[in-house]
Amino acid sequence: MAHLLVTGSSDGLGHGSAAALLEQGHDVVVHVRGEQRKGAVAGLLERGARLLVADFGVRDDVLRAVAELNDGPALDGVVHNAGVYSGAPLIPVNVVAPYLLTALLEHPTRHVYLSSGMHRSGTASLDGIDWAGGRATGSYSDSKLFVTALSAAVARRSPSLFTASVDPGWVATKMGGPSAPDDFELGHRTQDRLVVGAGADSDVSGAYWHHDRQQQPEAAALDEAFQDELLVALAEATGVELPER
C-alpha cells in the first residue's frame, strides 16, 4: 500500500486515477482548486481519501499546500495531473506547481507528470514566459513540452527520484471534449501503475510514456541544455532550487 497525491482530482483523468488507486487499496490525497469543488470528490472522500484544497495558479497556495503535506503522513508518490488549457494560470498550474511540489515535498520518491502528445508542437523557448501568471504567456503545447523536459531533468539531477511523463491520449474529459476517441481507462492506467512502481519497467526513470509503452518525446525535451535553462528559469522565478537527491 502506498500513500499518494493526485493533483487535479475533481474530474477527468485525475478523478479516474484517484478512484482506481483507492480501489487498489492505496491511501490517496485528492486535490481540488477551491472549497466550492469539494462536492466533486465527495465520493472519493467517502471511500477514505484525504482532501487537499489549493489553487495551483497562486504561488502562496502551492507553498501552503506543500507545508500541509509535509506535516502529514509521508507521501510515496505524486501524480501531477492538475492542468489548464489556456489563460494566465497556464504556466503556474501546468509547470511551476509541479516544479515546486517536486522540489519542496520532503518524502515522495516517485513523480509522474501529465504530458500530452501536443508537447511535440511546443516551442523550446523561455523568452517572455511569465512564471508568476500575471499575464497569459506560452501555449498549452509549450507547457507540456516544459513539463516533459522537467521530468527528464529531475531524473538526471536527482537520481534517487523516479520520474515519468505520460501522454494520456485524447480522452473524453472536460478538456478533451465528449467526442475524444481514446479510451478513458487507458488514459490514466499508465500513471496509476508508474506512481506505485508496478511492473518490471517501472524503474526506468525520466522516460516518456503513452498507453503503457515508452516512446521518444520531442527532441527538445531531452536536450540537456534546454533542461538546464528551464531549471535555472524556474529557480530564479520561484527562489527555490531543485535539490540534488
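Biologist: Ser141 is found in helix α5. What makes Ser141 buried?

Modeller: A value of 7% relative accessible area. Buried means under 20%, exposed over 50%, and partly exposed in between, with a 1.4 Å probe and protein chains only. At 7%, Ser141 is therefore buried. The model is predicted, so local features need pLDDT of at least 70 and side-chain atom pairs pLDDT 80 or more, while totals for chains, interfaces and linings use all residues. Residues are numbered from 1 along each chain as its sequence is written, and side-chain values use heavy atoms, without hydrogens and water.

Biologist: Which residues does Ser141 touch, leaving out those up to four places away in sequence?

Modeller: Met118, His119, Ser121 and Gly122. Contact here means heavy atoms within 4.5 Å. Val53 is elsewhere: 88 residues from Ser141 in sequence and 27 Å away in space, C-alpha to C-alpha.

Biologist: Take Ser115, found in the loop between β5 and α5. Why does Ser115 count as buried?

Modeller: Its relative accessibility is 2%, so Ser115 falls in the buried class. Not counting residues up to four places away, Ser115 touches Lys144, Val147, Thr148, Ser165, Val166, Asp167, Pro168 and Tyr208. Gly83 lies 32 residues from Ser115 in sequence, at 9.8 Å between the C-alpha atoms.

Biologist: On to helix α5 and its partner α4. Why are α4 and α5 called roughly parallel?

Modeller: Two packed helices are described by the angle between their axes and the distance between the axes. For α4 and α5, the axes cross at roughly 10° and come within 9 Å. Angles under 35 degrees count as roughly parallel, over 145 as roughly antiparallel, 65 to 115 as roughly perpendicular and the rest as oblique. Hence α4 and α5 are roughly parallel. The axes are lines fitted to C-alpha atoms, for helices over the stretch in contact, and angles run from 0 to 180 degrees between N-to-C directions. The helices (H or I, at least four residues) and strands (E, at least two) are DSSP runs, numbered from the N terminus.

Biologist: Which residues in α4 and α5 meet?

Modeller: From α4, Leu90, Ile91, Asn94, Val95, Pro98, Tyr99 and Thr102. From α5, Tyr140, Ser143, Lys144, Phe146, Val147, Leu150 and Val154. By class, this contact has 10 nonpolar, three polar and one charged residues. Ala, Val, Leu, Ile, Met, Phe, Trp, Tyr, Cys and Pro count as nonpolar, Asp, Glu, Lys and Arg as charged, and the others, Gly among them, as polar.

Biologist: What makes α4 and α7 roughly perpendicular?

Modeller: Helix α4 (residues 90-104) and helix α7 (residues 224-238) pack at about 85°, with axes 11 Å apart. That angle lies in the perpendicular range, so the two helices are roughly perpendicular. Val95, Val96, Tyr99 and Leu100 in α4 meet Leu231, Leu234, Ala235 and Thr238 in α7. The α4 contact with α7 has seven nonpolar, one polar and no charged residues.

Biologist: How many aromatic pairs does a search of the whole structure find?

Modeller: Three.

Biologist: Why is the pair of Tyr85 and Tyr140 called tilted?

Modeller: The ring centres are 4.9 Å apart, with 35° between the planes. Rings of Phe, Tyr and Trp (its six-membered ring) pair if their centres lie within 6.5 Å; planes under 30 degrees apart count as stacked, over 60 as edge-to-face and the rest as tilted. Tyr85 sits in the loop between β4 (77-80) and α4, and Tyr140 in helix α5 (residues 140-157), 55 residues apart. Tyr85 is partly exposed at 45% relative accessibility. Tyr140 is buried at 11%.

Biologist: What makes the pair of Trp131 and Phe146 tilted?

Modeller: An angle of 40° between the planes, at 6.1 Å centre to centre. Trp131 lies in the loop between β5 (110-114) and α5, and Phe146 in helix α5, so the pair ties together parts 15 residues apart in sequence. Trp131 is buried at 10% relative accessibility, and Phe146 at 0%. Together with Phe226, Trp131 and Phe146 form one aromatic cluster.

Biologist: How do you know that Arg110 lies over the face of Phe162?

Modeller: Arg110 is 3.9 Å from the ring centre of Phe162. A charge sits over a ring if NZ of Lys or CZ of Arg is within 6 Å of the ring centre and within 35 degrees of the ring normal.

Biologist: Last, the loop between β7 (207-210) and β8 (213-215), where His211 is found. Why is His211 called partly exposed?

Modeller: Its relative accessibility is 22%, so His211 is in the partly exposed class. His211 has a positive phi of about 50°, although it is not a glycine. Asp212 is in the loop between β7 and β8. Its phi is near 70°, also a positive value in a residue other than glycine. Asp212 is partly exposed, at 30% relative accessible area.
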